[in-house]
Amino acid sequence: MPPSPAPRVVLGVSGGIAAYKSCELLRALTESGHHVDVIPTEAALRFVGAATFEALSGNPVTTGVFSDIPSVRHVRLGQQADLIVIAPATADLIARMAAGRADDLLTSTLLATLAPVAIAPAMHTEMWQHPATQANIATLRSRGVTVIGPASGRLTGKDTGPGRMAEPAEIAQLARVLLERRDALPHDLAGTRVLVTAGGTREPLDPVRFLTNRSSGKQGYALVQVAAARGAAVTLISANAALPTPAGVDLVRVETALELQEATVAAAADHDVVVMAAAVSDFRPTERSSSKIKKTAAEPERIALAKNPDILAGLVAEREAGRLPAGLRIVGFAAETGDERYTVEEYGKQKLGRKRCDYLVVNDVGEGGAFESDTNAGLIIGRDGRTTEIPRGSKQLVAAQILDVVTASAGSPSA
Ligand code: CTP
């Protein structure tokens, strides 16, 4: 069988200072095997030259509809595209898109495409919050455009606030999920508040050493990215994950299981869904030395361990006691391997029975495992006995499937 052709992505770049970051996005997309045609606006070329986009994409770059007339470039690029990503998307470009204008190659291509479209807005906070821009964004969302970010942070000059373009790596990850499943990022979670814990807790022995686990935090962060892109208000409680903060989320950083418990219990009541994707150390050293432990003794000292609380089971108990809303959906994660006695699914069902959460996402870590990988697979087991298989895909695609199942029942009182 001939190899399937590389997915074709049109990268639209409009004229804002974040245009320089589109080069990094372009690199990320070409390096993961995509054919990328860059269509800058005239204004974008005042920030980054056409030569840079041509060199990085390996394809010619034009801005107007009057070059290469015989090929009707805008129609061809629009029809052939599997995905159009616009990063950065300025207030002006967003307005022209919302109005359905076709006054340059990029906007003409947008009218000539049936491919999914994602935009990463970048502008000053006032421009982003202006009712005109917000109305245009609402129009684009109603037409199925995915809006990634913006993030809060440093803008041009000394200003900070919402309006900063999402990081190129995050845009590339969300772009790829649209290629895997074009309806993976609908704007269906507006008004839903999602709390995700991610990463792995650290239990210190002394100021330089700790007990931890191999969780990278990638699956939890993917959930956060996808939930935010689908319009949810997202809180991320991150335990030591060395990953960039996804755009537009509230971030709480913790180190230990006890800190994670405190932050999670404090935040849970203000959310509709809690996803415990963090890998929690089951034990912690009973003593935490305030100075570095020296190897002076002939025999090393034994490390005494105390059991950490089960945060997930604790949340369920709080809900059962009426101290958390009855409609709060509680989702656990489990990494399992099957053995001669039970399959991964059977172990998952047993764990769900013990933890009594609403859903358990079970990753089969038998061969190769899910840790640090960019892909994942597994099962979502519901308390109602229903099991949904998650085929192998990017962690963002897995996240989309988890959110599909879990939010279908969000807000209704627990069964
Ligand atoms: N979890 C938790 N608090 C703990 C341990 C785990 O909240 N102290 C949560 C994890 O975030 C995850 C789920 O429980 O959502 C399952 O984690 P796992 O480590 O598989 O559960 P354990 O009860 O530790 O099961 P096992 O005996 O298989 O280690």
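**Close-up 1. Residues lining the largest cavity of the predicted model.** Arg8, Val9, Val10, Asp37, Leu77, Gln80 and Ala81 line the largest cavity in this structure, which is a predicted model. A search of the whole structure finds one cavity of 30 Å³ or more, and the space in the largest cavity amounts to about 30 Å³. By residue class, the lining is made up of four nonpolar, one polar and two charged residues. Strand 1 gives the most to this lining, contributing three residues, and strand 1 and helix 3 are each the source of at least two of the lining residues.

**Close-up 2. The buried face of helix 3.** Helix 3 spans residues 73-80, and its buried residues are Arg73, Leu77 and Gly78. When the helix is seen down its axis, these buried residues fall within an arc of 120°, and they therefore line one face of helix 3. As background to this view, an α-helix has 3.6 residues a turn, so residues three or four places apart point the same way. The cover over the buried residues of helix 3 includes strand 1 (8-13), strand 2 (35-40) and helix 5 (105-111). Leu77, one of the buried residues of helix 3, is also among the residues that line the largest cavity.

Close-up 3. Gln261 belongs to helix 10, which runs over residues 257-268. For orientation within the chain, Gln261 and Ser22 are 239 residues apart in sequence, and a distance of 39 Å separates their C-alpha atoms.

**Close-up 4. The contact between domain 1 and domain 2.** The chain is divided into two assigned parts, domain 1 covering residues 8-181 and domain 2 covering residues 193-408. Into the contact between them go 12 residues from domain 1 and 13 residues from domain 2. The C-alpha centres of domain 1 and domain 2 are 34 Å apart.

Terms used
Residues are numbered from 1 along each chain as its sequence is written. This is a predicted model: local features need pLDDT of at least 70, side-chain atom pairs count only at pLDDT 80 or more; totals for chains, interfaces and linings use all residues. Side-chain values use heavy atoms; hydrogens and water are left out. Buried means under 20% relative accessible area, exposed over 50%, partly exposed in between (1.4 Å probe, protein chains only). Helices (H or I, at least four residues) and strands (E, at least two) are DSSP runs, numbered from the N terminus. The arc is that of the directions from the helix axis to the C-beta atoms. Contact means heavy atoms within 4.5 Å. On a 1 Å grid over the protein atoms alone, a cavity is a set of points where a 1.4 Å probe fits but cannot get out, and a pocket is an open set with protein on both sides within 12 Å along at least five of seven lines; lining residues have an atom within 4 Å of a point. Grid points are joined across faces, edges and corners, and a volume is the space filled by probe spheres set on the points. Ala, Val, Leu, Ile, Met, Phe, Trp, Tyr, Cys and Pro count as nonpolar, Asp, Glu, Lys and Arg as charged, and the others, Gly among them, as polar. Domain bounds come from an automatic or database domain assignment.
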